[in-house]
Amino acid sequence: MEISNLLNALPGAVSQGLIWGIMAIGVFITFKVLDIADLTVDGSIATGGAACIMLLRADLPVWVALAGALIAGLGAGLITGLLHTFMGIPALLAGILTQFSLWSINLQILGGSNQSISVDRYPLLVSSRYITNAIWIVAIFVVVIIAIAYWFFGTSLGCAIRATGANPHMSRAQGINIDFTKVLGLMLSNGLVALSGGLLSQYQGFADIKMGIGSIVIGLAAVIIGEVIFSRIFHNFALRLLAVVFGAIIYYVVLQVIFWFGIDSDYLKLLTAVIVAIFLAIPYWKSKYFNKPSKKGVSKNA
């Protein structure tokens, strides 16, 4: 195990972490802002990748392909939102139904189980062949997305979405249409997830209907890692989004280190579950075993 092999692999882990960080921002919107566990993302990330690849193969500009991925994700979020608000289906089940239906839709978009694309034939924005360029380009995407999200969630509409997640009953009493804000939040979330899928499909050179399996776990891992490590220093909303991206990078770096020790990649899903479980447990362990209990019944003037 040479340390040089690990160092050579770290840029690839960072680039993947940045791409998945965009997806994690989408998960953050539903999981932390709306307080909804949305499983649509396992399907919408593949939908974004499929739409992007097929638009590129149709010789459309890369920006049009990414816009198509974004729109596809917005549509997926809209379906989940309507299933939840208009049809009264619980949000968790609505996401599962949309994810389930997207499998067939993705097959139709791709015309099969997968489609490949080469950086030699198409003007891809990012590629695993040029990792340094990919890091800078995706980093710019992350900064722009965080800036737009920070501005939007500071507007009256964005604050209405945040209020809906914090207290839907009080929000309704204040005249907020919480059905509308839920649908909009789900659309924005899955739009970002699909955009991440579009970048990921370019980076890896193919889109596959299975590429989204387990994505929600990776997104939650990034959110949880970012919250656990940076919660005490990142209080601003924009910095919390940045912490989520850092969480995705840390997740992929940790995986790279684990694989460097010779662990079989077949254990990827198990390792992901272990990492998420550990970071979920850290706040509980800190409160139970490391925080000193406050003294009760002692007068301040004693």
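In which helix is Leu270 found? Leu270 belongs to helix α11, residues 268-290 (helices are DSSP runs of H or I with at least four residues, numbered from the N terminus). This is a predicted model, where local features need pLDDT of at least 70, side-chain atom pairs count only at pLDDT 80 or more, and totals for chains, interfaces and linings use all residues. Residues are numbered from 1 along each chain as its sequence is written, and side-chain values use heavy atoms, leaving out hydrogens and water.

**View A. A nonpolar surface patch that includes Leu270.** The patch covers about 1,100 Å², and its members include Phe261, Val274, Trp285 and Phe290. Such patches join nonpolar side chains within 5 Å, from residues with over 30% relative accessible area and no salt bridge (a Lys or Arg side-chain nitrogen within 4 Å of an Asp or Glu carboxyl oxygen).

View B. Rings pair if their centres lie within 6.5 Å; planes under 30 degrees apart are stacked, over 60 edge-to-face, and the rest tilted. Tyr251 and Tyr252 are edge-to-face because their planes stand at 90 degrees, with centres 5.2 Å apart. Trp260 and Phe261 are also edge-to-face, at 5.0 Å and 65 degrees. Tyr251 is buried at 1% relative accessible area, whereas Phe261 is exposed at 52% (buried is under 20%, exposed over 50%, partly exposed in between, with a 1.4 Å probe and protein chains only).

**View C. An aromatic cluster and a charge over Phe237.** Phe28, Phe152, Phe153 and Phe237 form one cluster. Arg162 lies over the face of Phe237, 4.6 Å from the ring centre (NZ of Lys or CZ of Arg must be within 6 Å of the centre and within 35 degrees of the ring normal).

How values were computed:
Patches are made of residues with over 30% relative accessible area and no salt bridge: like charges are joined within 9 Å, nonpolar side chains (Val, Leu, Ile, Met, Phe, Trp, Tyr) within 5 Å. Accessible areas come from the Shrake-Rupley method with a 1.4 Å probe; for residues, only the protein chains shown count as cover. Helices (H or I, at least four residues) and strands (E, at least two) are DSSP runs, numbered from the N terminus. Rings of Phe, Tyr and Trp (its six-membered ring) pair if their centres lie within 6.5 Å; planes under 30 degrees apart count as stacked, over 60 as edge-to-face and the rest as tilted.
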